[in-house]
Amino acid sequence: MDRINNGEYITPNQFGDYTVFVNDYINQLYGRSLDLYAKRYAQNNPTGTPKIDIEKIEESLGYIDDYLYYFYQFSDENFVSIFMNLIDNLKFVTVLPSSMRGIYGQYMDVEKTLYINPELHSNQRLSSDERTRLYICHELGHIQNSKWMSNLIVILNNINCSNEDKQLMYNGFSLLDEATTQDRAENIAYYFSSKRRPNMAQRVTALFDGKPHKTNFDYYGEFQVPTIDFARTLRGIGKLEYIDLVMKEFGTRALKEDFSKKIFEEYTNDGQISNLYYLLKRLGIIKNAAYAVFGYSDPRYINQSSLALAEYNQLVRKLRDYRDPIITKKL
C-alpha cells in the first residue's frame, strides 16, 4: 500500500492543524492491529489467507483516514467529535475469522475492534476494494452513532411500558442507526470512487411478503424509505422534497450525540409521543425481520414485516411536518 513507507503510515490527506494528530493516531492503530493479528491468527488459529489479511488491514487504514478527511471537508463542524470518538473507541482493526466471512464487517464495542471482511466480492456498482471501503465506513458510522444509542437506553428506561415494547423501540432506533450509517458510507464510497450514486430502483427480499421496495443502498435497502418517511416527520426536514437532501439532513443530525433525545423532545412538545412509540415499534419489527433473514433474530418477524410496514406507512405519512425547526434563542 502506497501509504505505508518503511513500516510507517503516512497520510496523503491534509487536515490543517490536525494532520499530525491523524497521522499519529493511524500509526498507533496500525501497530496495535498488526500485534493483534499476530496473536490471534498467525500461530494457533490461521485464517489461511495471511497475505490478503495483512494487505486489507493496511488498506483499511487508508479508508479510515479518508473517512475522517470526508468529514473534515464536508462537515468540519463535526470533524473533531468524529475524530475523538475514533480515538476513544477504535483501538484495533483486524479481519473476520474465515468462518464469518459471509458478513460484510462488524464493530465490537467491548473490544473496540473493527472486523473487516478481506474477501468481499465486487458487484455491478462497486469493485471489491470500493465495497470494502463502504463497509468499513459503515462500521465507523456506528461508532459515531453509539452515543445517542446509549442515551436512548436512559430515555426508554423512564417510559412506562413493557420490556418487550422498550426493546422494539430500541430496535426501531437501531434501524435508523443502520440507515444513517449506510447512507453516509455510500456517499463516502462513491465520492472516493469518483462515481455517481445510482438512482433508486425496485428490489425484492424476504421481507414484506416479497413485495418490492425502492432503494439505492448496497445493503439494508429495506430500511431506506421507512427512514426517509420518518425523517420527514421532523421539523425542518419534512419540507424537503428531494430524498437525497432528506437523508443528508437527517444523517447530519445523527452525527450529534443528542440526536435521539431531540427526537423525543420534538414529539413530546407536539403532543405526538404516543405516535412516536407506535412508529418505533413497527420499525423495530422491520429491523428484527431483516436480521432474522441471516439468523440473528426470531424468524417470526419476517412474517410480521409486511403488516408492520403497512401500519407504519399509514401513520408516518400523516405526520409529515412541513414547519421550520424550532430555533432556541440564546440568552
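In this predicted model, helix α1 passes helix α2 in a right-handed crossing. Helix α1 spans residues 19–42 and helix α2 spans residues 50–74. Their axes lie 11 Å apart and pack at an angle of about 155°. Angles over 145 degrees count as roughly antiparallel, and α1 and α2 are therefore roughly antiparallel to each other. From α1, the contact draws on V22, I26, L29, Y30, S33, L34 and Y37. From α2, P50, D53, I54, I57, E58, L61, I64, D65 and L68 take part. Twelve of the residues in this contact are nonpolar, one is polar and three are charged.

Helix α2 also meets helix α4 (residues 128–157). The two axes come within 9 Å and cross at roughly 60°. The pair is therefore oblique, and the crossing is right-handed. On the α2 side, the contact involves K56, E59, S60, Y63, I64, D66 and Y67. These meet S128, D129, T132, R133, I136, C137, L140, G141 and Q144 of α4. This contact divides into six nonpolar, five polar and five charged residues.

Helix α7 covers residues 243–253. Its buried residues are V246, M247, F250 and G251. Viewed down the axis of α7, these fall within an arc of 120°, so they line one face of the helix. D244 and K248 are exposed on the other side of α7. The cover over the buried residues of α7 includes α5 (163–192), α6 (224–231) and α8 (259–269).

Note on methods: Residues numbered from 1 in each chain as written. Predicted model: local features only at pLDDT ≥ 70, side-chain atom pairs only at ≥ 80, totals over all residues. Heavy atoms only, no water. Axes fitted to C-alpha atoms, helices over the stretch in contact; angles between N-to-C directions. Helix = DSSP H or I, 4+ residues; strand = E, 2+ residues; numbered from the N terminus. Parallel < 35°, antiparallel > 145°, perpendicular 65-115°, else oblique. Left-handed = near helix turned anticlockwise from the far one by under 90°. Contact = heavy atoms within 4.5 Å. Nonpolar A, V, L, I, M, F, W, Y, C, P; charged D, E, K, R; others polar. Buried < 20%, exposed > 50% of the residue type's maximum accessible area, 1.4 Å probe, protein only. Arc of directions from axis to C-beta.
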